[in-house]
Amino acid sequence: MLLSSSYAKPRISSPAFAANSCNFPAIFNFGDSNSDTGGISAALYPINWPYGQTYFHMPAGRFSDGRLIIDFIAESFGLPYLSAYLDSVGTNFSHGANFATGGSTIRVPDRILPTNEGFGFSPFYLDIQLSQFMLFKSRSQMIRQRGIYASLMPQEEYFSQALYTFDIGQNDFTADLFADMPIEKIYASVPDVINSFAYNVKSIYNSGGRSFWIHNTGPLGCYAFVFLYSPSAPALKDSAGCVKPYNELAQYFNLKLKEAVVQLRKAFPSAAFTYVDVYSIKYSLFKEPEKYGFELPLVACCGYGGIDKYNFSLNAVCGASGLVNGTKIVVDSSCDRPSARVSWDGVHFTEAANKFIFDQISTGDFSDPPIPPNMACHREGQLKALGQNALVNIS
């Protein structure tokens, strides 16, 4: 789906939507660095300046210069930003919790942080995030019963009334790319990744969750870090400068994810499942950046040197120091106008791009069924999409 100028403002404020808005008292989020609000920085390593410079004016545990899509979703419901489950300082879980961590995968990763090589993936993959959620659900109610710190914990009924959000899957494929796995073999792994994802969603449903908001994965071939692992042949890049095979892999995963969501609807007709096509929105920023007020979409705003013109190198990444040709480099500054850039650090998006993406999903035009986040508790759209005869319980 191509974006048009008519999408400039979300339509969630219309009277029709407002009259039927879902009253989500809490959000429980599962994911990777695209929605991590402080998990990996609390558990393993700090996220340093200039991360957080635009909105928080300090590092805030987010892989961006400011707010993430999940932050804008929380804002739209009048809820506080989600505290990371793993953060023990200044946390408030009264309106939900965030189990996402940077580097998380759906399946068990082959290389887990920390490693001697300095590169790996989060130990908090989706199965672990589910286990943390289950533990949190029981322990939070024990704390409420005792009365101490009760106000920092969600009420029991919030777990069935909450919105459950998911943004994960990207790292399952970047892990394989980093391992130099043939792309055909990566394709063959997709069904296993999808089955693992569906298992976790079913477990949350069995625990009482009823409203699910599921993002697909973004255009992998447009991120500066993948250019390190892609052939330089121009034939593999599209008109936006993105690596076509990697984007096709992401699209294949998204197709299978959408099919899995359809099956979840059939299995659990008492729940509402919304599939959100963030891929199309993100790709539009690389395809037609000027149309939406952006520039240099493939170039990292925060980075150092690196290959070609992308301002990205694993030797000196944003917010860290490294050796480049024997010289120590500290990457503690960013480009002049982050608000006009798409890529923050060659892997993640700027706050401005995240806000743009949120504005588009707020219209409902990129959702299946076509509803905005504040309608995600309603089942009517998916009932119409499936047809009553298709809604048989196969659980």
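Which residues are linked with Arg 67 in a network of salt bridges? The partners are Glu 75 and Glu 351, which join Arg 67 in that network; a salt bridge is counted where a side-chain nitrogen of Lys or Arg lies within 4 Å of a carboxyl oxygen of Asp or Glu. The model is predicted, with local features requiring pLDDT of at least 70 and side-chain atom pairs counted only at pLDDT 80 or more, whereas totals for chains, interfaces and linings use all residues. Residues are numbered from 1 along each chain as its sequence is written, and side-chain values use heavy atoms, with hydrogens and water left out.

The overall architecture comes first. The chain contains 11 helices and eight strands, assigned as DSSP runs numbered from the N terminus (helices: H or I, at least four residues; strands: E, at least two). Of its 395 residues, 56% are buried, where buried means under 20% relative accessible area, exposed means over 50%, and partly exposed covers the range in between (1.4 Å probe, protein chains only). Contacts are defined by heavy atoms within 4.5 Å. Among contacts with a separation of 6 or more, 71% involve residues 24 or more positions apart. The chain exposes about 16,500 Å², and carbon and sulfur atoms supply 53% of that area; the areas come from the Shrake-Rupley method with a 1.4 Å probe, and for residues only the protein chains shown count as cover.

Helix H6 (residues 170-178) illustrates the buried part of the model. Eight of its nine residues are buried, so the helix is largely enclosed by the rest of the structure. The buried set consists of Gln 170, Asn 171, Asp 172, Phe 173, Thr 174, Ala 175, Asp 176 and Leu 177. These residues pack against helix H7 (183-206) and helix H8 (244-267). Leaving aside residues up to four places away in sequence, Asn 171 touches Asp 32, Gly 103, Ser 104, Thr 105 and Phe 121. After the helix comes Asp 180, whose phi is positive, near 60 degrees.

Side chains of opposite charge can pair when their charged atoms come close. The structure holds eight salt bridges. One of them joins Asp 172 to Arg 107, with the closest N and O atoms 3.5 Å apart. Asp 172 belongs to helix H6 and Arg 107 to the loop between S2 and helix H4 (126-146), so this pair ties together parts that are 65 residues apart in sequence. Both Asp 172 and Arg 107 are buried.

Glu 259 and Lys 256 meet at 3.4 Å, N to O, and both lie in H8, three residues apart, about one turn of the helix. Glu 259 is partly exposed at 38% relative accessibility, and Lys 256 is partly exposed at 27%. Asp 368 pairs with Arg 265, the closest N and O atoms being 3.5 Å apart. Since Asp 368 is in strand S8 (residues 367-368) and Arg 265 is in helix H8, the pair ties together parts that are 103 residues apart in sequence. Arg 265 is buried, at 2% relative accessibility.

Aromatic rings form another set of interactions. Rings of Phe, Tyr and Trp (its six-membered ring) pair if their centres lie within 6.5 Å; planes under 30 degrees apart count as stacked, over 60 as edge-to-face and the rest as tilted. The count comes to 37 aromatic pairs. Among them, Phe 24 and Phe 77 are edge-to-face, at 5.3 Å centre to centre with 70 degrees between the planes. This pair links distant parts of the chain, 53 residues apart: Phe 24 is in the loop between helix H1 (15-19) and strand S1 (27-31), and Phe 77 is in the loop between helix H3 (69-76) and strand S2 (96-98). Phe 24 and Phe 77 are both buried. Tyr 223 and Phe 225 have ring centres 6.3 Å apart and planes at 20 degrees, so they are stacked; these two residues are buried as well.

Charged groups also sit over rings, a relation that requires NZ of Lys or CZ of Arg within 6 Å of the ring centre and within 35 degrees of the ring normal. Arg 210 lies over the face of Tyr 205 at 3.8 Å from the ring centre, and the charged end of Arg 62 sits over the ring of Tyr 81, 5.7 Å from its centre.
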